[in-house]
Amino acid sequence: MGQVVGRDDLLLVTLDTLRFDVAVELAEAGRLPNLAAHLPGGRWEERHAPGSFTYASHQAMFAGFLPTPAAPGPHPRLFAARFEGSESTAVGTYVFDAPDLVSGLADAGYRTVCIGGVGFFNKRGALGSVLPGMFQESHWEPEFGVASPTSFEAQVARAERVVAELPAGQRLFLFVNVPSLHQPNWFHLPGATREAGDSRATHAAALEYVDRHIGRLFAAASSRRRCFTIVCSDHGTAYGDDGWTGHRLGHESVWTVPYAHFFLEPGAP
């Protein structure tokens with residue numbers, strides 16, 4: 001990553017609340033053509049989330065603690081703050097002298113931009129301002145939020161505008177928190193109703209919705225130069241699994257998340 005940072009643009013997409021099993025099933029069934037085209041080997045990597053809900057998980061990821069491979073380690077990290085005794089900082093790790101990755105990349109000359117989704121990014125109060133406040137530029141509006149059936153389309157349009165307005169030589173770290181998988185998501189499945197509520201099926205339909213539009217985001221992010229891209233979930237959620245519902249709890253459906261990183265080449269579909 002020491003060779004990537006400073007040379008390429010960077011994109012981090014968190015598919016908020018996406019379950020690993022649903023992501024894998026849809027990719028294997030050919031229902032995620034745009035995402036699967038970029039996943040290494042067409043497959044999601046199984047990882048463990050650094051937190052069981054959005055705020056905790058993003059605080060960890062912005063400190064360099066991305067989801068951890070679901071296998072015995074140690075696992076070298078892509079990014080790490082300079083910290084004596086860190087066992088996951090390796091030769092290929094990009095080490096920054098800042099309390100968080102966002103500030104570290106700003107120090108390295110990147111324009112840092114957040115396009116928020118769920119309430120922890122809405123800037124409507126003190127708590128919802130902490131995470132977006134790490135960035136030099138942050139965007140949120142109701143059309144980006146969890147209650148909007150077209151949230152991701154609106155976020156992508158904003159990302160396209162952000163990229164288009166940047167000077168050609170300015171490196172970019174773009175972060176997008178996608179709220180579409182988070183409840184409520186029933187409106188993404190034709191025939192579903194508010195009264196019936198969310199389900200594993202509506203969760204899957206929300207992921208298909210994201211897949212239909214993510215190609216535009218990838219095209220914008222790589223329109224100026226090669227872009228190193230991370231797409232992952234921050235945590236999963238339970239839909240009655242073993243009697244559990246929701247997240248901020250210690251069930252496998254919450255802790256196990258899909259992850260991928262890859263390069264987007266300029267002009268690639």
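This is a predicted model: local features need pLDDT of at least 70, side-chain atom pairs count only at pLDDT 80 or more; totals for chains, interfaces and linings use all residues.
Eight strands make up an open sheet, and reading across it gives the order S3-S2-S12-S9-S1-S8-S6-S7, with mixed pairing. The edges belong to S3 and S7 (137-139): each has a single partner strand, so one side of each is left without a neighbour in the sheet. As a bit of background, strands of a sheet pair through backbone hydrogen bonds, and they can do so in a parallel or an antiparallel way. At the S3 end, strand S2 (residues 45-48) pairs with S3 in the antiparallel sense, over two bridges. Arg-47 has Pro-69, in S3, as its bridge partner.

H1 lies across S2 and S12 (256-264), and its direction makes an angle of about 55 degrees with S12. H6 (residues 151-165) lies across S6, S7 and S8, running at about 170 degrees to S8. The strands under H6 thus include S7, which stands at an edge of the sheet.

Most peptide bonds are trans, and most residues other than glycine have a negative phi. The peptide bond from Gly-73 to Pro-74 is cis, with omega near 10 degrees, and Pro-74 sits in the loop between strand S3 (68-69) and strand S4 (79-81). Pro-184 belongs to the loop between strand S8 (172-178) and helix H7 (200-221).

Positive phi values turn up at Thr-17 and Lys-123, neither of which is a glycine. For Thr-17, phi is about 80 degrees. Thr-17 falls in the loop between strand S1 (9-15) and helix H1 (20-28), the helix that lies across S2 and S12. With a relative accessibility of 0%, Thr-17 counts as buried, because the cut-off for that label is under 20%. Lys-123 has a phi near 60 degrees and is located in the loop between strand S6 (111-115) and helix H5 (127-130). Its relative accessible area is 36%, so Lys-123 is classed as partly exposed.

Notes
Residues are numbered from 1 along each chain as its sequence is written. Side-chain values use heavy atoms; hydrogens and water are left out. Helices (H or I, at least four residues) and strands (E, at least two) are DSSP runs, numbered from the N terminus. Buried means under 20% relative accessible area, exposed over 50%, partly exposed in between (1.4 Å probe, protein chains only). Two strands pair if DSSP finds at least two bridges between them. Contact means heavy atoms within 4.5 Å. Axes are lines fitted to C-alpha atoms, for helices over the stretch in contact, and angles run from 0 to 180 degrees between N-to-C directions.
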